[in-house]
Amino acid sequence: MTPVPAYFVPRCSTVTILVNSVLKNNFRGSMVSEWFGEQDRILRMLKAAELQKAALRIRELLPIDLFTLSDHIGNVLFQFPQEIAFCKLSHTETAVTCSVSFDERVQSTEKYALNVFTDHDELLMDHHAAMGKDGSLALYLSNTGGPYVIALTDMENGIPILWQTTSTIRQVGGILEIEGDADCVRTVRLPDGTSEQITVNSVIPISAGQPAPPWEEASRQRQYERRMEELVKRLEFVRYGRAGDERAKALEDLRRLMRMEPLARACLWDPYLTAQDLLETWYFTNTGGKELRAITSNVVIKEGTLESWKAAQRDTLAGGSNQLGINLRWRIQHSLFGFPFHDRFLILIPREGAPRVWSLGTSVNSFGKKHHILQQVANPRYILDDFEELWAALEDDSCQIWDSEEERCHG
């Protein structure tokens, strides 16, 4: 077996340490000596099903999960838990204190060094250091909110005693999503005669505590936008229809985009948009009250008058769903109002940050049926400005197809 250099494993706090899944009760951190074994020989001895069964049985008996770190199977680990020091953070509105409590077996604290800094945006901020003296060891820090990286080292023997990342709770904020119960179910009738049921959730923005410093808020917003970019990356450029009809997959992708960011407002711009298209897409969102503004065009009308077509669309929407949690405003551009348009877009407008726009490549009624490309647009603000200009031009009663609030008032 090949020895691996000894390493210190912190306890899990604000950061999850994967190696802890194969250690036992690592409450304060542990030094680990590991020997790399012959994994191939173990895998040859056991079939995959047998190995899975063994890992499940071990997890039943001990807090050890071999599934998380399968590359350690066949290795030998010696765990030496750290039991001589404990670190505590206490804070006021203006300052934070980091203090170390030692076990009674520690006769002198003078060989121990404490280092604390804030890990902000991959930067080392507000660093403090001190050596033990007169049986105590503490540091007074700025109230940055963390996360604080705390390191305690035995300088005499050159070994880590404690390493952890933790934070103080200064402000609680985010989105509280309350899952709907049996009474919060939206029904949607589909063209094939079947029905779908969508549980509608409630979303409440929450915030409590001290506000974050402006520099922290700015970097947090950038990090949020980066995470959102990662979420939409797979749907930045998607081709459909190359292998035939991909309607089901394409509709699910479109629904997933519409469900993104519960508090965002959405806009759907499609000259051939019909009530059935909305029932198959927007009505599958699961956030109650989330607003959609949709625009279609009179080019979709093949027979009858504008008013008869609008009435038929209203009947389709009213008969196609119980409208639970729907917040839809739908308008039509025609010869007397607005300007003709051709391209199809989905626009998402978050509460904060820039809008995101996808070009659909085809109308919703043919989405996924033939070859087309769904792609994110590089200059979303221009598309949103055009949409809002057209929306404002369609205020006339002759342009109104559906307004969920008015329907509820008259229903």
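**Close-up views of a predicted model**

**View 1. A hairpin of strands E6 and E7 opens the tour.** Strand E6 (residues 112-120) and E7 run antiparallel and are joined by seven bridges. Two residues lie between the strands of the hairpin, and Asp 121 in the turn has a positive phi of about 55°. Helices (H or I, at least four residues) and strands (E, at least two) are DSSP runs, numbered from the N terminus, and two strands pair if DSSP finds at least two bridges between them. This is a predicted model, in which local features need pLDDT of at least 70, side-chain atom pairs count only at pLDDT 80 or more, and totals for chains, interfaces and linings use all residues. Residues are numbered from 1 along each chain as its sequence is written, and side-chain values use heavy atoms, with hydrogens and water left out.

View 2. Strand E9 (residues 148-154) pairs with E10 in the antiparallel sense over seven bridges. Look for Val 149, which stands opposite Thr 165 in E10.

**View 3. Phe 102 and Tyr 112 form an aromatic pair.** Rings of Phe, Tyr and Trp (its six-membered ring) pair if their centres lie within 6.5 Å; planes under 30 degrees apart count as stacked, over 60 as edge-to-face and the rest as tilted. By this rule the count comes to eight aromatic pairs. The ring centres of Phe 102 and Tyr 112 are 5.2 Å apart and the planes lie at 40°, so this pair is tilted. Phe 102 sits in strand E5 (residues 95-102) and Tyr 112 in strand E6, so the pair links distant parts of the chain, ten residues apart.

**View 4. Strands E12 and E13 form another hairpin.** Strand E12 (residues 185-189) and strand E13 (residues 195-199) pair in the antiparallel sense over five bridges. Arg 189 stands opposite Ser 195 in E13. Five residues lie between the two strands, and Gly 193 in the turn has a positive phi of about 95°.

**View 5. An open sheet of eight strands has mixed pairing.** Its order is E15-E21-E20-E19-E16-E17-E18-E22. Strand E15 (237-240) and E22 stand at the edges with a single partner strand each, so one side of each has no neighbour in the sheet. Neighbouring strands are turned by 10° against each other on average, direction ignored. Strand E16 (residues 265-269) and strand E17 (residues 291-297) run parallel, joined by four bridges, and Leu 268 has Ala 294 in E17 as its bridge partner. Helix H4 (residues 247-259) packs on the sheet, touching E15, E16, strand E19 (345-349), strand E20 (356-359) and strand E21 (372-376); contact means heavy atoms within 4.5 Å. The direction of H4 makes about 155° with that of E15. Helix H7 (residues 380-393) lies across E16, E17, E18, E19 and E20, running at about 75° to E16.

Conventions:
Axes fitted to C-alpha atoms, helices over the stretch in contact; angles between N-to-C directions.
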